[in-house]
Amino acid sequence: MARDSIHSMMSALPTLPALLEHIGHPQPRKGLSFLDIAIVLIAGCAHALSVAWPFSSGLAQGQPVWWLQLLALAALVRSLERCARFKQGLLLGWLFATAWLCGIFWWLFISLHVYGGLAAPLTVLAVLGLAIFLASYYAVACAAYVRLAPLGQTRRAIVFAALWLLAELARVEFFTGFPWGAAGYAHLDGWLDGYARWIGVHGITFLAAFLAASLGGLGRSRRQLFMFPVLAALMVAGALAAGKQTSTPAGSLQVTLLQGNIAQDEKFQPGTGLPTALRWYGEQLQGARTSLVVAPETSLPLLPQQLPEGYWRAVQARFASGQQAALIGMPLGSYSAGYANSAVGLKPGQVQPFRFDKHHLVPFGEFVPPGFRWFINLMNIPLGDFRRGPLGQPSFDWQGQRLAPNICYEDLFGEELGASFTDAATAPTVLVNLSNIGWFGNTIAIDQHLAISRMRALEFERPMLRATNTGATVIIDHRGKVTHELPRHTRGALVGEVEGRNGITPYAWWVSRYGLWPLWALGLGVAALALVFRLRSGRLLA
């Protein structure tokens, strides 16, 4: 009798899929509550923290947190599932992305106010205004999701991932681009980073958005439980792909990376930081003993003709013979020809110094967008109007290595670095980043930029040397791992060995030929199919 009673009770309980559908199915609402708004704002902040976690110490400080990125984006999707009107999706997407982007690049306040001299209220408005503007891409994506999402949860997840990818690509391409803190960077050291060599950071963003949308839509359908093996297989495949390599060793090079730690507010001052910078970097360049020495962006902050008498001739003479070479960040040009933010390469036996001119310039910092001269005049930032260098400039050849410089946030644009990878015989064996993050103080910007460099190393399977003014001055291997690091905000020289690599990754192959168009085609194709299905079902205006 007791056994029959227990059996009757068990049979009366709902199955797990039915329970999920009953409890977890999000119900559309005609209006948004304070709780809905609070959830997306908190989720947006969490999304920013997932790219570089600032609250831990030691080696874990600044590390990406992949699972937090998935949970944050899943919370947004969950909120969108409750939207009955596309305007609600527009608002929630805007709030989420504005909170996320403010949390990503709040440190712009330091460069604009502390070092640029812009009034604090105007600086807050400038940073917030930039976040609100860039957030509009994601707002449109979320509104489109509310309107276009099909009934099946798997298809809904694919549509959300495609729309989110389009928003990310818009942030890459439009108005010179500023994709800092893209979602894919949170998956460094996670289960998806093995896909970097195949689809790049933005392809990882698509996969992450698909996973987050699947998680956020839990409970919509009983059949959704069958998605778990698929999602598990996707993550396991990424973990296995991380162990495979398409590049081969190309020899090693002993390097010295210089970090002057010159105070940003004194760097261009004749009586303080300028003499210190010239003296220290001059001594380090003269005394270096490795095959290559690298000085960071504008380490010599004057044009060659403005340097003290004999200074530049002495530096050139130092590397005119022997077995050593140098890459030095400094401005080049003239009033008539225009000025460039450049890297100069010196080595024995060359007729003319190697020159690399920065291609992707920072708006308001390195060039003035049309109609915004008044904004620049409100600040006191030197070197504010440079000439753009060409795309795909030659590498600096030295001791069997092809060294490809990039300056500051140029390593943010993998599709532009990829222009040098069309031919395996001439493709770079080592990437070299020269940066000055001193503009942004001792902030999470350093960790975020380090994550960007690590992702480029993974995408191209190339080591990355980073010589910076204040940090992170590091050597990154072709697997995206930091092998040598100098303490931040200290003055010193990092000595180590880097192994160059040959070969072309699948990502390098297609991005060097087609740029980001394959990803654009994926996003637009899925969105177009979703629109067609909606029109056929007659639910587009529902």
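A residue counts as partly exposed when its relative accessible area lies between the buried limit, under 20%, and the exposed limit, over 50%. Trp-191, with a relative accessible area of 44%, is therefore partly exposed. The model is predicted. A search of the whole structure finds 24 aromatic pairs, and the structure holds 13 salt bridges.

**Aromatic pairs and cluster**

- A pair of aromatic rings is described by the distance of the centres and the angle of the planes.
- The ring centres of Trp-66 and Trp-191 are 5.6 Å apart and the planes stand at 25°, so this pair is stacked.
- The pair links distant parts of the chain, 125 residues apart: Trp-66 is in helix H4 (residues 66-81), and Trp-191 is in the loop between helix H8 (153-173) and helix H9 (196-216).
- Trp-66 is partly exposed, at 23% relative accessibility.
- Trp-509 and Tyr-514 make an edge-to-face pair, with 6.1 Å from centre to centre and 65° between the planes.
- Both partners are partly exposed: Trp-509 has a relative accessible area of 42%, and Tyr-514 has one of 44%.
- One aromatic cluster is formed by Phe-105, Trp-107, Phe-178, Trp-180, Tyr-409, Phe-413 and Phe-440.

**Charge over a ring**

- Arg-318 lies over the face of Phe-319, 4.8 Å from the ring centre.

**Nonpolar surface patch**

- Trp-67, Leu-71 and Leu-215 make a nonpolar surface patch of about 290 Å².
- Leu-71 is placed in helix H4 and is partly exposed, at 45% relative accessibility.

**Salt bridges**

- Asp-189 and Lys-481 form a salt bridge in which the closest N and O atoms are 2.9 Å apart.
- This pair links distant parts of the chain, 292 residues apart: Asp-189 is in the loop between H8 and H9, and Lys-481 is in the loop between strand S10 (474-476) and strand S11 (482-485).
- Asp-189 is partly exposed at 37% relative accessibility, and Lys-481 is partly exposed with a relative accessible area of 38%.
- Asp-189 and Lys-481 are also linked with Arg-454 in a network of salt bridges.
- Asp-447 and Arg-488 meet in a salt bridge through their side chains, at 2.8 Å from N to O.
- Asp-447 lies in helix H15 (residues 445-460) and Arg-488 in the loop between S11 and strand S12 (492-502), so the pair ties together parts 41 residues apart in sequence.
- Asp-447 is buried, with a relative accessible area of 7%, whereas Arg-488 is partly exposed at 28%.
- The side chains of Glu-499 and Arg-501 meet in a salt bridge of 3.0 Å, N to O.
- Glu-499 is partly exposed at 33% relative accessible area, whereas Arg-501 is buried at 4%.

Technical notes:
Residues numbered from 1 in each chain as written. Predicted model: local features only at pLDDT ≥ 70, side-chain atom pairs only at ≥ 80, totals over all residues. Heavy atoms only, no water. Phe/Tyr/Trp six-rings, centres within 6.5 Å; stacked < 30°, edge-to-face > 60°. Helix = DSSP H or I, 4+ residues; strand = E, 2+ residues; numbered from the N terminus. Buried < 20%, exposed > 50% of the residue type's maximum accessible area, 1.4 Å probe, protein only. Lys NZ or Arg CZ within 6 Å of the ring centre and 35° of its normal. Patch = residues over 30% accessible without salt bridge, like charges linked within 9 Å, V, L, I, M, F, W, Y side chains within 5 Å. Areas by Shrake-Rupley, 256 points an atom, 1.4 Å probe, with all protein chains shown as cover. Salt bridge = Lys/Arg side-chain N within 4 Å of Asp/Glu carboxyl O.
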